Amino acid sequence: MRIALVMFFAIALGASAPVARQASKVTDQVRARVDALAAELHPSIVAIRRDIHRNPELGFREKRTAGLVAGKLRALKFDEVRTGVGVTGVIGVLKGSRPGPVVAWRADMDALPVQELNENMPFKSIVPNVKHACGHDGHTAIALGVAEIFSRMRAEIPGTVVFLFQPAEEGDPDGGKTGALRVIEDWPLTNPTPVGIFGLHTQPALRVGQVGYQSGAAMASSDRFIAKIIGQQTHGAAPHTGIDPVPVAAAAIMAFQMIPSRMIDARLPTVVSVGMINAGTRFNIIADSVTLTGTVRTLDREGPSTVKSKMNTILKGLSAAHGADYSLEYIETTPVTYNDPALVAASLPALRDVVGDKLVPIEPVMIAEDFAFYQQKIPGFYFFLGVGNPERNITAMLHTEYYDL
């Protein structure tokens, strides 16, 4: 909580040169107040996190969680509380008593279709096959803690803080748009209009107390493709009388691996993975088609269009060479999570003031995050909060049955 608070005050106070000259003095006062309030609220925030963990909800079904959040914000006398944003999202607007910019903080609320296997956990999920395996229960609890402290410090806040509690970061269980896109349809980052948006994610690869960051590309884009090789069905004993799409598909799979290794600058990490291969109806029949379904991930903002173009070239050439045909459906799902370098530079002194040498630069990761959609509209900074604790055997990775923080 303290990280988020001090960052906001440092950035908001630094918005104009005259105020910036007073920032260190004001921040000293803020620091002491924040520490005291954070210590006071810590038990209640832990209780909120455990309550949400015990009662997880999948994307666009976070009705209980959204009700808890909205009720808390109303109790804190937020200036405005909007519900039903992007289906089940909640927005809270808190206006400070002093002039300043609008800054947004985003927390996601949804859980995953994962069975909880932690046996010695008093707040174990009570919902079969649903678990907060990605830390969103922690994200929501942290944001509510920040919201309460800000509400108590309203007289000292320069500007306005928008708290966005987003649904369905993990995607729509029914296959529709992700939560961020649905939120933007209802709140296109206007009225009020933030100058920047922040968010964090728990990270078990970092130890408790550490904060990891990356300027520029921090998390990969995530796209999906469906490539279909179309041949001509015939008897398996006479393949020459038809067009066998299976070897064409095999050649395409191998050629796809040439895209990241030989067709793209090695300094721009790219992953092309075929996850599903579907073909045929019987062992002695040459299939009429093969469908390849997979994912493309890249840290280059132009990467998706580059990969799509090269996949088309490969499929066209291989199909023509073997007398087959093809189709390619390339679905751009989530863009690169790109941390605005200027915003990162402005934020690092505040982060460093809070955690000192436990602020560590980290390598970009190939996991995707729909926070990226907000960053396409306004500057954003998404960083990582260490939750790994080997001494307590809390080391399980995100999206696993044993994840904890």
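**Reading a predicted chain by its definitions**

Student: Why is Asp-174 called exposed?
Tutor: Asp-174 has a relative accessibility of 61% and therefore counts as exposed (exposed is over 50% relative accessible area, buried under 20%, partly exposed in between; 1.4 Å probe, protein chains only). This is a predicted model in which local features need pLDDT of at least 70, side-chain atom pairs count only at pLDDT 80 or more, and totals for chains, interfaces and linings use all residues. Residues are numbered from 1 along each chain as its sequence is written, and side-chain values use heavy atoms, leaving out hydrogens and water.

Student: How confident is the predictor in the protein chain, in terms of mean pLDDT?
Tutor: The mean pLDDT of the protein chain is 93, and 94% of its residues reach 70 or more (pLDDT is the predictor's confidence in each residue, from 0 to 100). Over residues 13-24, however, the pLDDT is below 50, and this stretch has nine contacts in the model beyond near neighbours in sequence (contact means heavy atoms within 4.5 Å). Where pLDDT is low, the predicted coordinates should not be read in detail.

Student: How many salt bridges does a search of the whole structure find?
Tutor: The search finds 20 salt bridges. One of them joins the side chains of Glu-116 and Lys-131 at 2.5 Å, N to O. That pair links distant parts of the chain, 15 residues apart, with both residues in the loop between strand E3 (98-108) and helix H5 (136-152). Glu-116 and Lys-131 are both buried.

Student: Where do Arg-182 and Glu-185 lie, and why is Glu-185 called partly exposed?
Tutor: Both lie in helix H6, three residues apart, about one turn of the helix. Glu-185 has a relative accessible area of 46% and so is partly exposed; Arg-182, at 26%, is also partly exposed. Elsewhere, salt bridges that share partners join Glu-40, Lys-72, Glu-148 and Arg-152 into one network.

Student: What makes H4 roughly parallel to H5?
Tutor: H4 and H5 pack at an angle of about 10°, with their axes 10 Å apart. That makes H4 roughly parallel to H5 (under 35 degrees is roughly parallel, over 145 roughly antiparallel, 65 to 115 roughly perpendicular, the rest oblique). The contact is made by Leu-68, Val-69, Lys-72 and Leu-73 of H4 and by Thr-140, Leu-144, Ala-147 and Glu-148 of H5.

Student: Why are E10 and E13 said to stand at the edges?
Tutor: The open sheet of four strands has the order E10-E12-E8-E13, with antiparallel pairing (two strands pair if DSSP finds at least two bridges between them). Strand E10 (270-279) and strand E13 (325-334) each have a single partner strand, so one side of each is left without a neighbour in the sheet. Nine bridges join strand E8 (residues 221-230) to E13, and these strands run antiparallel. Ile-226 stands opposite Glu-329 in E13.

Student: Which strands form the open sheet of eight, and in what order?
Tutor: The order is E1-E2-E4-E3-E5-E16-E6-E15, with mixed pairing. Its edge strands are strand E1 (80-85) and strand E15 (359-361), each pairing on one side only. Five bridges join E1 to strand E2 (residues 89-95), and the two run antiparallel. Val-81 stands opposite Gly-92 in E2.

Student: Why is Pro-204 called buried?
Tutor: Pro-204 has a relative accessible area of 11% and is therefore buried. The place of Pro-204 is in strand E5. Leaving aside neighbours within four places in sequence, Pro-204 is in contact with Val-387, Gly-388, Thr-395, Ala-396, Met-397, Leu-398 and Tyr-403. The C-alpha atoms of Pro-204 and Gly-386 are separated by 6.0 Å, although the two residues are 182 residues apart along the chain.

Terms used
Salt bridge = Lys/Arg side-chain N within 4 Å of Asp/Glu carboxyl O. Axes fitted to C-alpha atoms, helices over the stretch in contact; angles between N-to-C directions.
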